[in-house]
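Welcome, and please open your viewer with the selection panel at hand.

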Amino acid sequence: MSFSRIDPHVFKWLKAAVFVACLWPLARLVWLAFDDGLGANPIQFIEHTLGDWILIFLAITLSVTPLRRLFNWQWLLRLRRMFGLYAFFYAVLHFVAYIGLDQFFDFDAILKDIIKRPFITVGFSCLVLMVPLAATSTNAMVRRLGGRRWQQLHRLVYLIAIGGVIHFWWEVKKDITDPLIYAVIFAVLLAIRIGFHFAGAHPRRQRFTALRNAESAE
């Protein structure tokens, strides 16, 4: 099997396997909860674990285009939507954990937190920015918005990634090792994207046509 092209039947099983694998972080949290393995501060452990996976799925999503261009793995485009939606899925779970487990649905306290604590303000803003990306992830919305507007909207993912790192950085305060690692990863991915843009590797119209054709084949 060539990595540049995958048989449709094989890809069907690959996509199903990836879908199930993306649920592993949630399944692990559930297992640890039942096995009393969430540590001394289970709420913090849950929030941090979910937060990590938001950034991981954002990084995976942003890696699709560089890998596709460098290795001609066109089939990766057909998985990018799934990775992006899983980033949103874990962001929603992260927020639900915050409002339910941390704040016990005290919406007055939540509103004050969002306004007064900068790292929560940034995190909540990132979640809000993810909503239109998730809502326009379907082929119908791509056609409705048109290629140029759809691409412009979905470039927000870079702002979301930067905001996610800032949210993490300000939250940990002292030990910035992990947020620094994510900052480097996203900086490299953004630099690659800028490099492709200025190198003119593919005309914009061809890029969008390839994306539309690949994702429509799902």
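**Before you start**

This is a predicted model, in which local features need pLDDT of at least 70 and side-chain atom pairs count only at pLDDT 80 or more, while totals for chains, interfaces and linings use all residues. Residues are numbered from 1 along each chain as its sequence is written, and side-chain values use heavy atoms, with hydrogens and water left out.

**Stop 1: the whole protein**

Show the cartoon: the protein has 11 helices and 0 strands. Helices (H or I, at least four residues) and strands (E, at least two) are DSSP runs, numbered from the N terminus. Of the 218 residues, 37% count as buried; buried means under 20% relative accessible area, exposed means over 50%, and partly exposed is in between (1.4 Å probe, protein chains only). Among contacts with a separation of 6 or more, 70% come from residues 24 or more positions apart, where contact means heavy atoms within 4.5 Å.

**Stop 2: helices α2 and α4**

Select residues 24-34 for α2 and residues 77-102 for α4: their axes come within 11 Å and cross at roughly 30°. Axes are lines fitted to C-alpha atoms, for helices over the stretch in contact, and angles run from 0 to 180 degrees between N-to-C directions. Now display the side chains of Trp 24, Pro 25 and Leu 26 on α2, together with Phe 89, Tyr 90 and Leu 93 on α4, which make the contact.

**Stop 3: the aromatic rings**

How many aromatic pairs does a search of the whole structure find? The search finds 14. Rings of Phe, Tyr and Trp (its six-membered ring) pair if their centres lie within 6.5 Å; planes under 30 degrees apart count as stacked, over 60 as edge-to-face and the rest as tilted. Pick Phe 95 and Tyr 98: the ring centres are 6.3 Å apart and the planes are at 40°, so this pair is tilted. Phe 95 is partly exposed, at 22% relative accessible area, whereas Tyr 98 is buried, at 10%.

Next, select Phe 19, Trp 24, Trp 53, Phe 57, Tyr 86, Phe 89 and Tyr 90, which ring pairs link into a cluster. Centre the view on Tyr 86, in helix α4; this residue is buried, with 5% relative accessibility. Setting aside neighbours within four places in sequence, Tyr 86 is in contact with Phe 19, Cys 22, Leu 23 and Phe 57.

**Stop 4: charges over rings**

Move to Arg 69, whose charged end sits over the ring of Phe 196, 4.8 Å from its centre. Then find Arg 78, which lies over the face of Phe 11 at 4.0 Å from the ring centre. A charge sits over a ring if NZ of Lys or CZ of Arg is within 6 Å of the ring centre and within 35 degrees of the ring normal.

**Stop 5: two loop residues**

Most residues other than glycine have a negative phi. Select Asn 72, in the loop between α3 (42-71) and α4: its phi is positive, near 60°. Asn 72 is partly exposed, at 41% relative accessibility. End at Phe 105, in the loop between α4 and α5 (107-116), where phi is also positive, about 60°. Phe 105 is partly exposed, with a relative accessible area of 49%.
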